[in-house]
There are 2 protein chains.
Amino acid sequence: MTITITAFERSPDGGKGLARDTRVRWALEEAGLPYEVRLVSMRAMKEAAHLALHPFGQIPTYEEGELALFETGAIVLHIAERRPGLLPTDANARARAITWMFAALNTVEPPILELVTVKFVEGDKPWKDERMPLVHDRVRARLTQLAARLGGADWLDGDFSAGDLLMVSVLLRARPSGLLDEFSSLAAYVARGEARPAYQRAFAAQLAINAAPSPAG
Amino acid sequence: MTITITAFERSPDGGKGLARDTRVRWALEEAGLPYEVRLVSMRAMKEAAHLALHPFGQIPTYEEGELALFETGAIVLHIAERRPGLLPTDANARARAITWMFAALNTVEPPILELVTVKFVEGDKPWKDERMPLVHDRVRARLTQLAARLGGADWLDGDFSAGDLLMVSVLLRARPSGLLDEFSSLAAYVARGEARPAYQRAFAAQLAINAAPSPAG
């Protein structure tokens, strides 16, 4: 059955690979599953047809026959459960890899997303400059804990897993602020993720769309 | 094998059931699994023994024989996979229920947690009063979308699932602000969750600890 995901018609990051469809593309590439992409404009994302697929009006979504999913974490887990390579076969190791998936999205990403809130959503507010260092420190606190756990290992728990896929993707969003590069072991961890052929194919596929001439120009 | 979870020695909410151990207790009660609780002080939470279990120094954790997990979402999923009652047996319905687990923790909870940041973490900052309405509006935007999807249904997708368990738990955190009660269908949805015998047992168990005389007094 054909797998179809949705992505931004034009990603707000201009093709840096930070939009969440890159995470799903990466998982599909690791799993060796071919897929099609339907591009959605910012306007269409808030209209009824897309809201039927994604109640919060975002991308990506995932369709395969009768199944329709949203939420990147759930989509990546669904892919990981179907093909080898993204979750260990040992039951306990599998549960730990899934723990890292939730940790990436739930514990590490929220303070990183606050960087975007301060800079863009509240970028015109008088408190922007005074608030940014507080948000930076909250990100640093999480990255310090994560670096302590990673230690000198290549991946978070044994072989590369869907937990690493999501953690690397989340950490990439801390790179533009300079915070990732304050933690050399985490920067190297992210570089290991980016070096994977599956990541490179996923990145190139989203770039091909976002680097193309604008539909408007 | 004995299941042991960790919880606050004294929850910051004084027993309102908003600490994350309540979510795990609820899942264990729905699944009919007995469990033990080890209480952890705020200080011990940041020490090496606890950090070995939870790299981000939080509660709850979950131990069962050789298996040690952290992250509430991962623990609830682990419980749901082992016993009937929290995930549908149909594969597609199961994937959709897991989608709601991620949606609760990843899409709905982050703006709700910002209420805590504004009120407590940044409660002494000059921007507090001007920023609060912005954060309220972000919560309202999510609750509006969620209410649209729920419609007149009892639960988010068919029977009660681990997705509802986490969504109800997340929405409970929006109640103190008054925002939950602006959405009558969501308030009724939360009330249905609270009425479940398993929730009531979980709530009572955490209250028994948090309503006890303080260890210091």
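A salt bridge is counted where a side-chain nitrogen of Lys or Arg lies within 4 Å of a carboxyl oxygen of Asp or Glu. By this rule, the side chains of Arg138(A) and Glu122(B) form a salt bridge, with an N to O distance of 2.5 Å. The model is predicted, so local features need pLDDT of at least 70 and side-chain atom pairs count only at pLDDT 80 or more, while totals for chains, interfaces and linings use all residues; side-chain values use heavy atoms, leaving out hydrogens and water. Residues are numbered from 1 along each chain as its sequence is written, with chains lettered from A and ligands numbered from 1 in the order in which they are written.

**Sheet and helix in chain A**

- Four strands of chain A form an open sheet in the order β2-β1-β3-β4, with mixed pairing; strands (E, at least two residues) and helices (H or I, at least four) are DSSP runs numbered from the N terminus, and two strands pair if DSSP finds at least two bridges between them.
- The edge strands of chain A are β2 (36–40) and β4 (67–70), each of which pairs on one side only.
- From one strand to the next, the twist averages 20 degrees; axes are lines fitted to C-alpha atoms, for helices over the stretch in contact, and angles between N-to-C directions run from 0 to 180 degrees.
- Strand β1 (residues 3–8) of chain A runs parallel to β2(A) and is joined to β2(A) by five bridges.
- Ile5(A) stands opposite Val37(A) in β2(A).
- Helix α1 (residues 21–31) of chain A lies across β1, β2 and β3 (61–64) of chain A, at about 150 degrees to β1(A).

**Domain boundary in chain A**

- Chain A comprises domain 1 (3–85 + 198–210) and domain 2 (91–196), with bounds from an automatic or database domain assignment.
- The C-alpha centres of domain 1 and domain 2 of chain A are 21 Å apart.
- Contact (heavy atoms within 4.5 Å) involves 16 residues of domain 1 of chain A and 20 residues of domain 2 of chain A.
- About 1500 Å² is buried between domain 1 and domain 2 of chain A, with carbon and sulfur atoms giving 62%; buried area is the accessible area (1.4 Å probe) that two parts lose on being put together, summed over both.
- Leu18(A), Arg23(A) and Trp26(A) supply 39% of the area that domain 1 of chain A buries against domain 2 of chain A, more than any other three residues.
- Four salt bridges cross the interface of domain 1 and domain 2 of chain A.
- The side chains of Arg94(A) and Glu81(A) meet in a salt bridge at 2.9 Å, N to O.

**Interface of chain B and chain A**

- The contact takes 47 residues from chain B and 47 residues from chain A.
- The area buried between chain B and chain A is about 3900 Å², with 60% given by carbon and sulfur atoms.
- Phe56(B), Phe102(B) and Trp127(B) lose the most area in chain B to chain A, together 18% of what that side buries.
- Eight salt bridges are counted between chain B and chain A.
- On the side of chain B that touches chain A, at least two residues each come from α2 (48–53), β4 (67–70), α3 (72–82), α4 (91–121) and α5 (128–150) of chain B.
- With 16 residues, α4(B) gives the most to the side of chain B that touches chain A.
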